[in-house]
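Please read them against the coordinates.

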Amino acid sequence: MGKIGIVLGVVLMVFSKAGAAELKVGSLAPEFTAPASDGSQVHLEEWLNRAPIVLYFYPKDDTPGCTKEACGLRDDFAAFRTLKATVFGISFDSIESHRKFIEKYRLPFLLLSDTDKSIAKAYGAGGLLFASRQSFIIDKAGRLVYINRSVTPATHSAELQAVLSQLK
């Protein structure tokens with residue numbers, strides 16, 4: 001690898017992790033407010049006492065991996081309801097892009113827009129152009145009970161259900 005490749009790799013690492021505290025299971029989930037695909041504003045603190053929250057970051061609406069991941073969650077959504085979990089997907093895409101993605105694939109959960117990348121940065125899921133594919137489960141007390149920094153789209157839904165079923 002040449003000098004340019006090494007410099008580029010270091011720059012990408014710095015920008016993807018810059019400013020993010022290392023979150024661990026047991027950490028308090030970083031608070032956020034974000035515009036949602038239904039036109040509302042989602043304030044994390046207002047959702048905490050209702051149910052465990054699945055917060056999954058994904059790179060881009062309507063791309064192959066992100067579509068597979070979202071549709072897997074959609075197809076298993078009844079199980080998430082049975083487990084009394086709230087699901088939020090989040091990316092850097094606009095609300096309009098989220099609405100088209102939801103309509104095209106009939107997604108039954110809200111997508112949140114993080115256009116300034118501040119939420120992804122707080123969770124350590126930021127990147128230069130796209131959020132990195134990661135997921136978090138937040139309990140009713142606002143603590144992170146699960147973190148996956150290396151999500152596989154095809155198995156993500158089953159993995160989340162297994163974790164949520166252990167919380168009961």
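1. Lys104 has a relative accessible area of 52% and is exposed, because the cut-off for that class is over 50%. The model is a predicted one, and the values here should be read with that in mind.

2. The partner of Lys104 is Asp62: the two form a salt bridge whose closest N and O atoms are 3.0 Å apart. Lys104 belongs to helix α5 and Asp62 to the loop between β3 and α3, so this pair ties together parts 42 residues apart in sequence. Asp62 is partly exposed, with a relative accessible area of 36%.

3. A salt bridge also joins the side chains of Asp93 and Lys60, at 2.8 Å from N to O. Here too distant parts of the chain are linked: Asp93 sits in the loop between β4 (86-91) and α5 (95-105), Lys60 in the loop between β3 (53-57) and α3 (64-75), and they are 33 residues apart. Asp93 counts as buried at 6% relative accessibility, whereas Lys60, at 33%, counts as partly exposed.

4. Glu69 and Arg133 form another salt bridge, with 2.7 Å between the closest N and O atoms. Glu69 is in helix α3 and Arg133 in the loop between α6 (118-123) and β6 (134-138); the pair links distant parts of the chain, 64 residues apart. Both Glu69 and Arg133 are buried.

5. How many salt bridges does the model contain by the rule applied? The count comes to four, including the Glu69 and Arg133 pair.

Technical notes
Residues numbered from 1 in each chain as written. Predicted model: local features only at pLDDT ≥ 70, side-chain atom pairs only at ≥ 80, totals over all residues. Heavy atoms only, no water. Helix = DSSP H or I, 4+ residues; strand = E, 2+ residues; numbered from the N terminus. Buried < 20%, exposed > 50% of the residue type's maximum accessible area, 1.4 Å probe, protein only.
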